[in-house]
Each structure stands twice: as C-alpha cells, then as structure tokens.
Amino acid sequence: MLGSASTVSCYIMARNKGHDGTLTSTIVMLTTVGCALTLTMWLWVLRSGGFVA
C-alpha cells in the first residue's frame, strides 16, 4: 500500500521490456494485499501492546 507509485511503474516497465503483463499484475496484486494484511496486523499488535495511542 505504501509503495503504490512503484507498482504502476513496475507493470509499465515489464510490458515495455516484453515480459508477461499478467504475471506482473498478479504479483503486484498479491504483494498489495499482503501488505494491507500485514500492516493492519502490526498496527493491531502495537495498539494492543499500548505502543500506539
């Protein structure tokens, strides 16, 4: 989620270099979903521990 600007450029660079756009977009989607889940998990852990108000 925090690297969304780089995901757009990764897809465009892969297409311009002749690589598979479907694979690139799938990887971008999976990493974005994974980041959303782990970011939420870490915020919950920090809040539960009292480190974040």
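1. A residue is called buried under 20% relative accessible area, exposed over 50%, and partly exposed in between, with a 1.4 Å probe and protein chains only. By this scale C10 is partly exposed, at a relative accessible area of 38%.

2. The model is predicted, so local features need pLDDT of at least 70 and side-chain atom pairs count only at pLDDT 80 or more, while totals for chains, interfaces and linings use all residues. Residues are numbered from 1 along each chain as its sequence is written, and side-chain values use heavy atoms, leaving out hydrogens and water.

3. How many disulfides does a search of the whole structure find? The search finds zero, a disulfide being a pair of cysteine sulfur atoms within 2.5 Å. For C10, the nearest cysteine sulfur is that of C35, 14 Å away. C35 is likewise in no disulfide, and C35 counts as partly exposed at 24% relative accessibility.

4. T24 lies in helix 2; helices are DSSP runs of H or I with at least four residues, numbered from the N terminus. Is T24 buried or exposed? T24 is buried, because its relative accessible area is 15%. Apart from neighbours within four places in sequence, T24 is in contact (heavy atoms within 4.5 Å) with C10, Y11 and A14.

5. L30 is also placed in helix 2, which covers residues 21-48.

6. L30 belongs to a nonpolar surface patch with M29, V33 and L37. Together the four have about 410 Å² of accessible area, computed by the Shrake-Rupley method with a 1.4 Å probe, where only the protein chains shown count as cover for residues. Patch residues have over 30% relative accessible area and no salt bridge, and nonpolar side chains (Val, Leu, Ile, Met, Phe, Trp, Tyr) are joined within 5 Å, like charges within 9 Å. A salt bridge is a side-chain nitrogen of Lys or Arg within 4 Å of a carboxyl oxygen of Asp or Glu.

Note on methods
Helices (H or I, at least four residues) and strands (E, at least two) are DSSP runs, numbered from the N terminus.
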